[in-house]
Amino acid sequence: MELGVGVGMGESGRRNEEEVEKGVVIVGGGICGLATALALHKKGIESLVLERSPEGYAVSSWGSAIGVQGNGWRALHQLGVASSLRKTAPLIPLVREVSLDKGKPSRETPFENGEARCLKRTDLINTLASALPPGTIRFGCQVVSLTLGTPTSYPILHLQDGSSIVSKVLIGCDGGNSVIAKVLGLKPTKVFKLSAVRGLTNYPDGHSFPNEFVRMRKQGIAIGRTPITDKLVYWFVALRVSHLDAKVSQNPELIRQTIFESVNSIFPTEITEMIKNSDLRTLSFTHLRYRAPWDLLFERSFRKGTVTVAGDAMHVMGPFLGQGGSAALEDAIVLARHLAQKMNEIDQIIDCKKDETIKKIGDALDGYVKERRMRLVRLSAQTYFTGLLLDEGSSLLAKLISIIFMVVLFGKSFGHSKYDCGKL
């Protein structure tokens with residue numbers, strides 16, 4: 001099965017002259033891809049990470065920040081990078097919900113003895129990348145198609161430069177618009193009616209914001225804010241999709257101007273000034289997408305042959321719980337653990353035949369999917385219902401149903417952060 005047009009095996013079955021064979025190939029050099037590569041490295045398994053961005057771009061220049069809660073820190077500890085990352089951001093003790101609409105109360109919720117910090121995305125990416133052996137990441141590699149393997153053959157990746165890579169194990173960590181997920185046949189992701197803008201604002205003389213995560217709401221717009229350092233603040237704005245989205249998304253100046261105009265005169269001056277003075281290099285404008293919890297529950301295509309997906313490629317979700325990045329870190333630990341166990345079995349078999357190798361790798365990937373499924377269904381469902389409650393455009397019935405599910409199924413607000421993905 002192929003997606004797109006690529007090169008690979010000719011009619012005679014001979015390999016392309018530029019085709020090379022690798023053990024484990026990871027498509028995508030973001031948080032999930034790098035964490036998976038590092039987890040495998042710690043288990044003694046080499047991998048190759050294919051990142052489509054030019055060299056240096058992905059590990060030094062992209063993105064704003066990411067919230068990491070207790071479950072994510074447990075995964076980072078297994079990767080051996082938690083201690084150094086803790087030094088880059090303070091603990092966030094609580095979440096403060098502030099409604100600026102008349103008659104709606106505000107409330108504070110502590111993180112219940114958990115660990116929550118907001119990391120610069122570049123700090124996390126650079127830390128993961130620097131812990132990998134030299135040559136693990138290959139930049140400028142755009143995957144254009146994939147030929148799935150058979151019970152006796154490995155999958156073949158076809159790259160934009162005309163070369164091909166045969167991979168014994170292929171892991172798609174290529175985001176919510178994953179090429180690998182499409183080839184596997186996963187159902188398309190769905191779109192929330194909300195869009196999100198994220199950014200960083202630097203205060204050269206320091207800021208006076210308390211060390212907490214604040215989420216303000218008024219007239220259908222939600223704004224979140226949390227300090228990263230005493231001079232750097234992360235923020236986001238979530239609002240209903242508008243006709244300007246297509247033009248705004250690719251132009252940082254237009255992003256800032258549009259969001260400033262949307263919140264000016266509605267929110268306090270400290271918020272509008274924060275947006276007005278934001279760093280253009282960190283701004284992003286995205287349609288919020290999600291893989292429905294019922295799709296995660298019933299999907300049977302997370303693994304085909306020796307190919308699987310992880311991170312947003314598997315379970316993209318809204319940002320309403322702040323768990324997307326931490327869930328991807330959990331994926332990395334669980335996937336590496338299952339793969340290492342079966343690869344050790346393969347190594348102990350003298351002259352292990354290809355079909356037996358493929359079967360054992362498939363068993364490892366099945367074990368990974370089985371272990372992750374219900375955890376991801378619960379996270380996705382809680383995120384979905386939280387999003388419906390935050391969206392002022394949701395119907396009264398939808399909000400009522402969401403409240404019932406939230407109370408019955410999820411109980412404590414931050415119970416999701418107590419999850420432990422286990423030892424590597």
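The model is predicted, so local features need pLDDT of at least 70 and side-chain atom pairs pLDDT 80 or more, while totals for chains, interfaces and linings use all residues. Residues are numbered from 1 along each chain as its sequence is written, and side-chain values use heavy atoms, without hydrogens and water.

Ile171 is also among the residues with the most contacts inside the largest nonpolar core, which has 81 residues. Helix α12 (residues 324-347) gives the most to this core, with twelve residues. A nonpolar core is a set of buried Ala, Val, Leu, Ile, Met, Phe, Trp, Tyr and Cys residues joined through side-chain atoms within 4.5 Å.

The whole structure holds eight aromatic pairs, that is, rings of Phe, Tyr and Trp (its six-membered ring) with centres within 6.5 Å; planes under 30 degrees apart are stacked, over 60 edge-to-face and the rest tilted. Tyr290 and Tyr384 form a tilted pair, 5.5 Å centre to centre with 40° between the planes. Because Tyr290 lies in strand β15 and Tyr384 in helix α13, this pair ties together parts 94 residues apart in sequence. Trp294 and Tyr384 form an edge-to-face pair, with centres 5.6 Å apart and planes at 90°.

Relative accessibility is classed as buried (under 20%), exposed (over 50%) or partly exposed in between (1.4 Å probe, protein chains only).

| Residue | Relative accessibility | Class |
|---|---|---|
| Tyr290 | 10% | buried |
| Tyr384 | 17% | buried |
| Trp294 | 40% | partly exposed |

Technical notes: Helices (H or I, at least four residues) and strands (E, at least two) are DSSP runs, numbered from the N terminus.
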